[in-house]
Amino acid sequence: MNKTDRLLAIILELQGRRVIRAEDLAAQFETSVRTIYRDIQALSEAGVPIAGTPGTGYSLMEGYFLPPIRFTIEEAVTLLIGTDFVEQRFDDAYRDRAIGARKKIEVTLSDSVRRETSRIRKSLRLLPPGKRPASSNERENLDKIRRALLDGRKIRFHYSKNIPDSTGSRHSERTVAPYGLVLVEGSWMLVARCDLRQDIRHFRLSRMAELIELDERFELPEHFDIGEYTPVDDRQLRVCLRFNPDLAAKVKETNYHFVEDMKEHPEGLDVVLRVRQPDELLTWVLGWGADVLVLEPESFRVRIREEAQKMLNRY
């Protein structure tokens, strides 16, 4: 690594850490500590505000930021695709920021890199799962929840469940402490502690209505990390289906999230799924028509038969 590249790399290292020792920099760049001392002096003389504390290390003065000045074509394409994704799937505030970030990135590119990056981006296209953009309701809820997360406040909303509860109702009002947002197969989900259930629950943003931020505050548990959070798997019901042989490839391509195992044989494709309750599969199974057979459990076979009879009666 030549001196110019090393000086830039040192600044980037200082930006990424609060404090770093000269010995650590020397080991990273495979040079002597004395050379690092000279590099730090050269950067200081060039106007980079570096603070040095004996026995502790070097750090950048607060507020100093050196933007990346050189991107490879691959790096530029990656960043610009990222802004495209944010523009499609986030709320209006982040969409505007994504557009602004894209303009700033493009300004930093050389003419040749900008032309090549533009050419490659024209050959790539992001399509959300289901080929649908986020709904206006989902975007609005995303914006409100994101603000509540930043403010540390609870939210209240009306929620429409996919499957009715024991009373037959699909609607409820929930007050929750929002812990984090997760994009799952193209749909935004809220991970939150529900006051009603006194436990962590998951809510689809597209099913929320009349969402408001409350004055009541909450504190995120110290141990909770949305990046490491794994929900408890309470899917205990095993369902076995058999698809006609000519549909095997199409079924495999669906990547249906309830699927646990698949086995292909001359009679067709056997698919094993695990769910909380059979009605979670009802619409999906009926959508395959006569090309799928429920092998077990018997209760679900009866449920499909009854639903098919209702459909027949309507026609």
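Two strands are taken to pair if DSSP finds at least two bridges between them. Helices (H or I, at least four residues) and strands (E, at least two) are DSSP runs, numbered from the N terminus. The model is a predicted one, in which local features need pLDDT of at least 70 and side-chain atom pairs count only at pLDDT 80 or more, while totals for chains, interfaces and linings use all residues. Residues are numbered from 1 along each chain as its sequence is written, and side-chain values use heavy atoms, with hydrogens and water left out.

Strand 9 and strand 10 (residues 268-275) are antiparallel partners joined by six bridges. The two strands form a hairpin, with two residues between them. Across this pairing, Lys263 is placed opposite Asp270 of strand 10, and Glu264 faces Leu269 of strand 10. Strand 10 is also linked to strand 8 by seven bridges, again in the antiparallel sense. In that pairing Arg242 stands opposite Asp270.

Contact here means heavy atoms within 4.5 Å. Axes are lines fitted to C-alpha atoms, for helices over the stretch in contact, and angles run from 0 to 180 degrees between N-to-C directions.

Helix 10 (residues 298-314) also packs with helix 9 (residues 279-286); their axes come within 11 Å and cross at roughly 55°. Helix 9 is therefore oblique to helix 10; angles under 35 degrees count as roughly parallel, over 145 as roughly antiparallel, 65 to 115 as roughly perpendicular and the rest as oblique. The crossing of helix 9 and helix 10 is right-handed, the near helix being turned clockwise from the far one by less than a right angle (anticlockwise for left-handed). From helix 9, Asp279, Leu281, Leu282, Val285 and Leu286 meet Phe300, Arg303, Ile304 and Glu307 of helix 10. The residues of this contact comprise six nonpolar, no polar and three charged. In this classification Ala, Val, Leu, Ile, Met, Phe, Trp, Tyr, Cys and Pro count as nonpolar, Asp, Glu, Lys and Arg as charged, and the others, Gly among them, as polar.

Strand 4 (residues 171-184) pairs with strand 5 over eight bridges in the antiparallel sense, and Leu181 lies opposite Leu190 of strand 5. Two residues separate strand 4 from strand 5 in a hairpin, and Glu185 in the turn has a positive phi of about 50°. Strand 5 is joined to strand 6 (residues 199-204) by six bridges, also antiparallel. Here Met189 is opposite Arg204 of strand 6. The hairpin of strand 5 and strand 6 has four residues between the strands, and Gln198 in its turn has a positive phi of about 55°.

Two other helix pairs were examined. Helix 2 (residues 22-29) and helix 3 (residues 33-45) pack at about 105°, with axes 8 Å apart, and are therefore roughly perpendicular to each other. Helix 2 contributes Ala22, Glu23, Leu25, Ala26 and Phe29 to the contact, and helix 3 contributes Val33, Ile36 and Tyr37. By class, seven residues of the contact of helix 2 with helix 3 are nonpolar, none polar and one charged.

Helix 5 (residues 92-108) and helix 7 (residues 136-151) pack at about 90°, with their axes 8 Å apart; this pair is therefore also roughly perpendicular. Asp92, Ala93, Tyr94 and Arg95 of helix 5 make the contact with Arg139, Asp143 and Arg146 of helix 7. The contact of helix 5 with helix 7 holds two nonpolar, no polar and five charged residues.

Ser59 is located in strand 2 (residues 57-60). Ser59 counts as buried because its relative accessibility is 18%. Leaving aside residues up to four places away in sequence, Ser59 touches Leu14, Arg18, Val19, Pro49, Ile50 and Ala51.

Conventions: Buried < 20%, exposed > 50% of the residue type's maximum accessible area, 1.4 Å probe, protein only.
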